[in-house]
Structures are given as structure tokens and as C-alpha cells.
Amino acid sequence: MNKITKTLEVLAKNDKVCQLIQTIPGLGTICSCRLRATIGDIKRFKNPKDFPAYYGLVPRSIATGHNEKKGKITHRGDRTMRSLMVQGAGCVIRLATCGKLKSKQLTKWILKKQKEKMPWGKLVCAVAAKLLRIVREALQNT
């Protein structure tokens, strides 16, 4: 473990927002510190989908006339944070499929999406966006 990681752990231990973020599955010390640093004022995200959109985790809308399709994710925002969220979401999915995830609602939602045969990449991005919406909700209520 290097100096930077140790410093982040000390900062996260002393910060209530980081501790709150770490209670959400899949989000650890590095992720919570990075979120804390990039969020700013959480109240600026009026809509729950605005927060994942800030990190580029929403599908691109392709609209022509009366046809509207959803494309790949937009890739806007902080690339490193998006990568951390995707890694955390992959861990959450694995925990949910093994039955070791403590959050029953999240497990039920993930298993429903898997039953619908959602591809792995889409599922990971959807779970990452869901985790960010959970973070927003938790921070809005404090």
C-alpha cells in the first residue's frame, strides 16, 4: 500500500460524506474520496438521472423524426470516476449472483435484469448508474 492510498484512507475516515458513500455496496475508499472531490454541491443535480449523466453513464439518445433509439453511453465527464464506478458495479453484480449482497432490493433488480438477458456491458453500466443514483439519494437526505 502506497502513501497516497494511506492518505486517502485517513481522509475518508475523518469525513462523514466519505463514510456515508462507503456504506453503499461496491464503493470503497478511493471511490468515495474521488466522488467527494468531484461532486461539489449535490443539490445542483435536480433530477436523479442528472448525477449519472454528469459522469457519462447514461445512454446516448439517437433521435430522427419520430424514431428514437438509445445508443452507447455518452462517455462525458470524469473518465477515472466512470472507470471506478464500472469496476465497483462489476463487483456488485458478482456478489448479487452469488447471493452475498446485503441489499435485497438491489439483488432483486440485478437478477431481474440478468433474467431479461441484458448483456454484461449494459448491465454493468446500468448498475453503475444505479449506484450513483443511490449515492445522490443518500447525500440529498443528509
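A residue is termed exposed when its relative accessible area is over 50% and buried when that area is under 20%. The legends below describe close-up views of a predicted model.

**Figure 1. Exposed residue K70 in strand β2.** K70 is placed in strand β2. With a relative accessibility of 57%, K70 lies over the 50% cut-off and therefore counts as exposed. Leaving aside residues up to four places away in sequence, K70 touches P59, R60 and S61. K70 and R44 are separated by 26 residues in sequence, and their C-alpha atoms are 25 Å apart in space.

**Figure 2. The largest pocket and its lining.** The volume of the largest pocket is about 530 Å³. Its lining comprises 17 residues, and those nearest the pocket centre are L57, V58, P59, K122 and A126. At least two lining residues come from each of β1 (59-64), β2 (67-73) and α7 (120-140). Of the contributors to this lining, α7 gives the most, with 6 residues. Sorted by class, the lining holds 9 nonpolar, 5 charged and 3 polar residues.

Figure 3. The buried residues of α6 are L106, T107, W109, I110 and K113. Because these residues cover an arc of only 165° around the axis, they lie on the same side of α6. K104, Q105, K108 and K115 are exposed on the other side of the helix. Packing of the buried residues of α6 is against α5 (79-98) and α7.

**Figure 4. Helix α5 and the elements that cover it.** The 20 residues of α5 should span 28 Å at 1.5 Å a residue, and the end C-alpha atoms are 29 Å apart, which agrees. Buried positions in α5 are M81, R82, M85, G88, A89, G90, V92, I93 and A96. The cover over these buried residues includes helices α3 (29-39), α6 and α7 as well as strand β2.

**Figure 5. Buried residue S32 in helix α3.** S32 belongs to helix α3. The relative accessible area of S32 is 0%, so this residue is buried. When residues up to four places away in sequence are not counted, S32 touches A12, C18, I21 and Q22.

Figure 6. H75 is located in the loop that runs between β2 and α5. The phi angle of H75 is near 60°, a positive value in a residue other than glycine. K117 occupies the loop between α6 and α7. For K117, phi is near 65°, likewise a positive value in a residue other than glycine. K117 has a relative accessible area of 70% and is therefore exposed.

Note on methods
Residues are numbered from 1 along each chain as its sequence is written. This is a predicted model: local features need pLDDT of at least 70, side-chain atom pairs count only at pLDDT 80 or more; totals for chains, interfaces and linings use all residues. Side-chain values use heavy atoms; hydrogens and water are left out. On a 1 Å grid over the protein atoms alone, a cavity is a set of points where a 1.4 Å probe fits but cannot get out, and a pocket is an open set with protein on both sides within 12 Å along at least five of seven lines; lining residues have an atom within 4 Å of a point. Grid points are joined across faces, edges and corners, and a volume is the space filled by probe spheres set on the points. Helices (H or I, at least four residues) and strands (E, at least two) are DSSP runs, numbered from the N terminus. Ala, Val, Leu, Ile, Met, Phe, Trp, Tyr, Cys and Pro count as nonpolar, Asp, Glu, Lys and Arg as charged, and the others, Gly among them, as polar. Buried means under 20% relative accessible area, exposed over 50%, partly exposed in between (1.4 Å probe, protein chains only). The arc is that of the directions from the helix axis to the C-beta atoms. Contact means heavy atoms within 4.5 Å. The expected span of a helix is 1.5 Å times one less than its number of residues.
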